[in-house]
Amino acid sequence: MFDASASAGQLLTILVMAVALGMDAFSLGVGIGLKGVRLYDILKLSTIIAIFHVLMPLGGMITGQYVSGLLGGIATSVAGALLLLLGGHMVYSSLRGEAVDSIDHRTIWGMLVFSFSVSIDSFSVGISLGMFSTHVLLTVLMFGFFGGLMSVSGLMLGRRASRALGGYGEALGGVILFAFGLLFLI
């Protein structure tokens with residue numbers, strides 16, 4: 001028999017998880033937005049983030065029964081290290097005042113690295129969800145929707161703030177990314 005209260009509770013849980021996972025995309029989007037980003041790049045980056053927020057938890061759900069204990073900690077550490085490197089390069093570049101080779105969020109490689117780093121926690125959550133019976137399609141679509149929506153919001157907010165901060169915006173964005181990298185590793 002269909003239990004409406006159980007379904008409503010499961011839907012609310014998925015919604016809260018989707019928003020919580022999207023907060024990384026929002027916060028890190030602010031950091032990238034502070035570096036300066038065009039509207040077209042916001043659209044491209046947010047679309048890729050949304051796709052990663054669908055694929056990563058789906059992959060996690062598929063492998064969840066097999067490697068949950070081992071892979072969860074490793075995935076988070078890799079994401080933290082990537083964010084430390086990205087943030088460190090941004091701070092170094094802005095303080096040196098000269099062009100420093102770093103990962104460029106406008107290239108496909110830079111977009112993939114950034115999207116991977118903000119979506120890796122979705123993979124870990126997917127591993128956990130893979131152990132329970134849940135609505136897979138609904139879950140991954142909600143994760144993707146909120147990941148994309150919140151990355152657009154963060155990138156737009158960072159873009160607006162970068163105009164007010166001038167040259168220090170990139171350094172502040174780097175500090176934000178670096179801080180999130182530390183949080184992932186702690």
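**Contacts and fold**

I began with contacts in this predicted model. Among contacts in the chain with a separation of 6 or more, 93% join residues 24 or more positions apart. I then looked up the secondary structure and found five helices and zero strands. Along the sequence the pattern reads α-α-α-α-α.

**Burial and surface**

Next I checked burial. The chain has 186 residues, and 45% of them count as buried.

Residues 12-30 are 100% helix and 0% strand, with the end C-alpha atoms 27 Å apart. Residues 136-158 are also 100% helix and 0% strand. There the end C-alpha atoms lie 33 Å apart.

**Nonpolar patch**

Which residues make the nonpolar surface patch of about 390 Å²? I noted Leu12, Leu15, Val16, Val19 and Met23. I followed up on leucine 15, which sits in helix α1, residues 4-35. Its relative accessible area is 32%, so leucine 15 is partly exposed.

**Salt bridges**

I counted two salt bridges in the structure. Arginine 38 pairs with aspartate 41, and the closest N and O atoms are 3.2 Å apart. Lysine 44 meets aspartate 41 in a salt bridge as well, at 3.6 Å from N to O. Together, Arg38, Asp41 and Lys44 are linked in a network.

How far apart are lysine 44 and aspartate 41 along helix α2? They are three residues apart in this helix, which spans residues 39-96, so about one helical turn separates them.

Is aspartate 41 buried or exposed? I found a relative accessible area of 2%, so aspartate 41 is buried. Lysine 44 has 24% relative accessibility and therefore counts as partly exposed.

**Aromatic pair**

I found one aromatic pair. Its partners are phenylalanine 145 and phenylalanine 146, with ring centres 5.2 Å apart. The planes stand at 85°, so I logged the pair as edge-to-face. Phenylalanine 146 has a relative accessible area of 16%; the cut-off for buried is under 20%, so phenylalanine 146 is buried.

Technical notes. Residues numbered from 1 in each chain as written. Predicted model: local features only at pLDDT ≥ 70, side-chain atom pairs only at ≥ 80, totals over all residues. Heavy atoms only, no water. Patch = residues over 30% accessible without salt bridge, like charges linked within 9 Å, V, L, I, M, F, W, Y side chains within 5 Å. Areas by Shrake-Rupley, 256 points an atom, 1.4 Å probe, with all protein chains shown as cover. Salt bridge = Lys/Arg side-chain N within 4 Å of Asp/Glu carboxyl O. Helix = DSSP H or I, 4+ residues; strand = E, 2+ residues; numbered from the N terminus. Buried < 20%, exposed > 50% of the residue type's maximum accessible area, 1.4 Å probe, protein only. Phe/Tyr/Trp six-rings, centres within 6.5 Å; stacked < 30°, edge-to-face > 60°. Contact = heavy atoms within 4.5 Å.
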